Amino acid sequence: MWIESKEFKNSYFTTKLKYKLLNESYLNENGVIKPEYKFTITLPEFKIRDSKVIGKPDDKFETMLFLPEGEGRKGEGGLRTKGYFKFSYKLMEDGLWYMCDLDGNPVKPAPEDAQESIKDYLKSLKERNPEIDLDTIKELPLITVITVVLNGEKYLEETIQSVINQTYPNVEYVIIDGGSTDGTLDIIKRYEDYIDYWVIEKDRGIYDAMNKGILCTVGNFVYFLGIGDKLYQCDVISDVVFSIITVKKLNENF
């Protein structure tokens, strides 16, 4: 059941921890990454080389920031194409939250606005559940949600809103469209500033589309949310993350 909260409607918490990783020299006059830089982004501190994440020797596939153009591509966009990226965060001994690489290693302190957003989130978490011990929360993993769609204009907007209205501020949202011919693309573009990455092009079916989504996923945990499905409350991901942190803490102390 989808429960829409008036308090959170159109708040779009999930963009609060976006970080502009690319400066203006990478972007064109429309604020979108220039084609010549798209597959050459190299940031050693974040283990990114040629727009791919430097993985471990036993990794089964590469993680890429942008998908190579497929058959009949009708569009591509989202925060990544405008130079914004998301990371996991860890609280360090100096009291600051640090952005992490994909292996969970702290890289550098998050900017001041991100520090404040995290404090606000933790404050709201405590207000909602006074029994929560905030001292146990020393990390905020990046959670990736992937939606695969084809001609889904009837249901897509509700699905998108259920993701971007999550109170957990560190959610990455990826949409893979198999070449819709209805109004799906218009809906995606309407929410482009709240979707991390989307492409619309032909694929070989739902599992091929899901694999594409995984290829461009940088989150610690991945959840597939089908078209027409919804996260039934705005705190769902927040509650799941807190449960993960709690279990991890218990295992460390066992």
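Biologist: Which strands does helix α4 lie across, and at about what angle does α4 run to β11?

Modeller: This is a predicted model, where local features need pLDDT of at least 70, side-chain atom pairs count only at pLDDT 80 or more, and totals for chains, interfaces and linings use all residues. Residues are numbered from 1 along each chain as its sequence is written, and side-chain values use heavy atoms, leaving out hydrogens and water. Helices (H or I, at least four residues) and strands (E, at least two) are DSSP runs, numbered from the N terminus. Angles run from 0 to 180 degrees between N-to-C directions, with axes fitted to C-alpha atoms, for helices over the stretch in contact (heavy atoms within 4.5 Å). Helix α4, residues 206-215, lies across β11, β12 and β14, and its angle to β11 is about 150°.

Biologist: What is the order of the five strands in the open sheet?

Modeller: Two strands pair if DSSP finds at least two bridges between them. Pairing in this sheet is mixed, and the order is β5-β13-β12-β11-β14.

Biologist: Which residue of β14 is the bridge partner of I143?

Modeller: Strand β11, residues 143-149, runs parallel to β14, and four bridges join the two. The partner of I143 in β14 is F221.

Biologist: Is R80 buried or exposed?

Modeller: R80 sits in the loop between β5 and β6. Buried means under 20% relative accessible area, exposed over 50%, and partly exposed in between (1.4 Å probe, protein chains only). The relative accessible area of R80 is 2%, so R80 is buried.
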